[in-house]
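Here are my notes for your first look at this protein. Keep the structure open beside the text and find each residue as you read.

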Amino acid sequence: MPIVTVPVRAVKALFLERQHLARPRARALTPGRLVRLVEDVGGLQLDSINVLERAHYLALWARFGPYDRARLDRLVYRRRLLFEYWAHAACLVATSSLPWWRRAMLDYRTSHTGWSKWLRRNARAVALAREAIAANGPMGNGDFEARRGGRSGWWDWKPVQHALHYLWMTGALAVHSRRHFQKRFDLLERALPGALAVQPVGTDEFRRWHVERSLHAMGAATDADLARYLTFPRFGPGLRRTALAALRAGGEVVEVAVEGAGGRWWALRRDLPALARAARRPAPSRGTTLLSPFDSLLWHRERVARLFGFDYRIEVYTPPDRRVHGYYTLPVLHDGHLIGRVDAKTHRDERRLEVRNVAFEPWFADGAPGPVTGERLDRDAALAGLADALGSLARFVEADRVNLRRVGPHALRAPLARALGDSGQPARSRSSASTLSATIATSVSTSSAVMQSGGARRRTVPRA
């Protein structure tokens with residue numbers, strides 16, 4: 001079969017579709033849509049940073065708009081539609097994929113890295129941790145710390161965190177629930193009833209599935225994309241090549257040429273019609289949203305640069321005086337383009353969403369064609385879309401006020417402020433919408449006055 005050539009815009013459009021970002025915030029979250037999303041993207045990454053909202057909550061808001069977090073937690077930790085495991089990093093993965101992740105758990109017992117010496121020294125610690133949970137039910141690190149000075153002084157050694165992690169990764173334990181975002185573990189068979197009866201797939205089948213799932217999530221991918229999308233387990237390049245070769249030999253994977261992008265690209269044969277349809281779309285996606293720094297669309301940032309012309313770095317680990325855009329910056333997705341980023345913080349006690357910094361991409365600010373694919377955007381429509389997304393985000397984090405501070409370039413500050421004042425929908429009821437709109441407008445004008453007086457020039461990037 002000759003190599004099929006597809007435009008880079010088709011890869012970009014199918015990538016957005018598989019990430020459930022073709023129409024962001026256009027449909028409500030339901031149990032079925034939750035499971036389909038996680039099956040398609042491979043996992044929802046979990047992260048402890050809560051300056052705005054937890055990463056997995058934000059990833060779902062970006063796609064479905066405001067929803068009930070408590071209901072989501074029930075779907076995960078009671079109905080068990082998803083469970084916690086390691087996929088890209090720590091993630092929520094679909095329970096429907098348990099036969100494959102069971103294989104990863106079992107293989108981890110012999111293919112793990114860095115554990116052998118620790119296990120030889122701490123075998124008793126691992127056994128005692130499992131025995132304690134078997135006897136007492138769900139427990140977290142804090143429950144073990146409370147037992148210091150107990151049996152033979154074992155809890156004073158503090159290996160429990162490593163023991164629990166090892167038991168989780170190998171499938172002896174599962175995350176039963178979270179309390180104040182701290183994991184509480186229980187035996188796998190109690191947390192996921194019926195899990196031990198699930199027949200794990202073979203190791204080779206798991207590796208082929210792993211490659212297939214990554215290709216499905218991305219639409220088309222290079223070898224580097226495959227290595228850096230689902231990063232667990234850490235297959236060596238030889239093992240991944242073997243799995244990819246087996247899929248090619250079976251006709252499930254084909255090589256494609258991507259116009260405007262070098263290197264060898266791979267796609268699932270069944271996705272060739274989807275790539276052809278994506279190439280005919282007038283825009284890669286429709287709508288505006290903000291992406292968590294840990295969103296699956298951003299897992300491999302070099303891929304994002306190739307497809308979107310957007311250079312993104314997570315700055316939470318960067319010293320404050322070296323940050324460029326801010327502590328917790330969310331890329332702005334509008335009609336399939338990444339047009340800028342927003343640094344935002346939730347002040348929960350004040351019920352206030354602070355938009356500390358909005359930094360637009362130079363091409364967008366100048367009204368130039370977008371990078372890579374060259375489409376032009378309606379700048380006013382994009383600003384209105386961003387204002388609407390910020391209003392939706394404010395509703396989601398239960399903020400009654402939105403403070404807009406720095407915008408770059410400054411010429412876009414006034415039109416964004418006007419759009420924010422006009423959108424005015426962070427309220428939880430229709431009766432308070434007009435009050436919220438006035439509050440937003442007041443906050444914007446107050447921030448503008450501060451900036452004009454020079455008060456905001458003390459520090460270019462606010463601290464977390």
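1. Where is Leu21 found? Leu21 sits in a loop, and that loop runs between helix 1 and helix 2 (31-41). Keep in mind that this is a predicted model.

2. Is Leu21 buried or exposed? Its relative accessible area is 0%. Buried means under 20%, so Leu21 counts as buried. Now look at what surrounds this residue. Leu21 touches Leu16, Ala62, Arg63, Ser285, Thr289, Leu291, Leu297 and Leu333, leaving aside residues up to four places away in sequence. Take Leu333 from that list. In sequence, Leu21 and Leu333 are 312 residues apart. In space, their C-alpha atoms are 8.9 Å apart.

3. Step back to the whole protein. There are 464 residues, and 57% of them are buried. The secondary structure comes to 18 helices and 13 strands. Now consider the contacts with a separation of 6 or more: residues 24 or more positions apart account for 67% of them. The accessible surface is about 20,000 Å². Carbon and sulfur atoms own 49% of that surface.

4. Next, a pair of helices. Two packed helices are described by the angle between their axes and the distance between the axes. Helix 1 (residues 8-18) meets helix 10 (residues 203-218), and their axes come within 6 Å. The crossing angle is roughly 110°. Angles of 65 to 115 degrees count as roughly perpendicular, so that is the word for helix 1 and helix 10. Which residues make the contact? Helix 1 supplies Val11, Phe15 and Arg18. Helix 10 supplies His216, Ala217 and Met218. By type, the residues of this contact are four nonpolar, one polar and one charged.

5. Now the strands. Strands of a sheet pair through backbone hydrogen bonds, either parallel or antiparallel. Start with strand 4 (residues 90-94), where five of the five residues are buried. Ala90, Leu92 and Ala94 point one way from the strand. Cys91 and Val93 point the other way. Both groups are buried.

6. Which strands pair with strand 4? One is strand 2 (residues 44-45), antiparallel over two bridges. Another is strand 3 (residues 82-86), also antiparallel, over five bridges. Find Cys91 in strand 4 and look to each side. Gln45 stands opposite Cys91. How many residues join strand 3 to strand 4? The link is a hairpin of three residues.

7. Strand 11 (residues 337-347) and strand 12 (residues 352-360) run antiparallel. Eight bridges join them. Which residue of strand 12 stands opposite Lys345? Glu354 does.

Note on methods: Residues are numbered from 1 along each chain as its sequence is written. This is a predicted model: local features need pLDDT of at least 70, side-chain atom pairs count only at pLDDT 80 or more; totals for chains, interfaces and linings use all residues. Side-chain values use heavy atoms; hydrogens and water are left out. Buried means under 20% relative accessible area, exposed over 50%, partly exposed in between (1.4 Å probe, protein chains only). Helices (H or I, at least four residues) and strands (E, at least two) are DSSP runs, numbered from the N terminus. Two strands pair if DSSP finds at least two bridges between them. Contact means heavy atoms within 4.5 Å. Accessible areas come from the Shrake-Rupley method with a 1.4 Å probe; for residues, only the protein chains shown count as cover. Axes are lines fitted to C-alpha atoms, for helices over the stretch in contact, and angles run from 0 to 180 degrees between N-to-C directions. Angles under 35 degrees count as roughly parallel, over 145 as roughly antiparallel, 65 to 115 as roughly perpendicular and the rest as oblique. Ala, Val, Leu, Ile, Met, Phe, Trp, Tyr, Cys and Pro count as nonpolar, Asp, Glu, Lys and Arg as charged, and the others, Gly among them, as polar.
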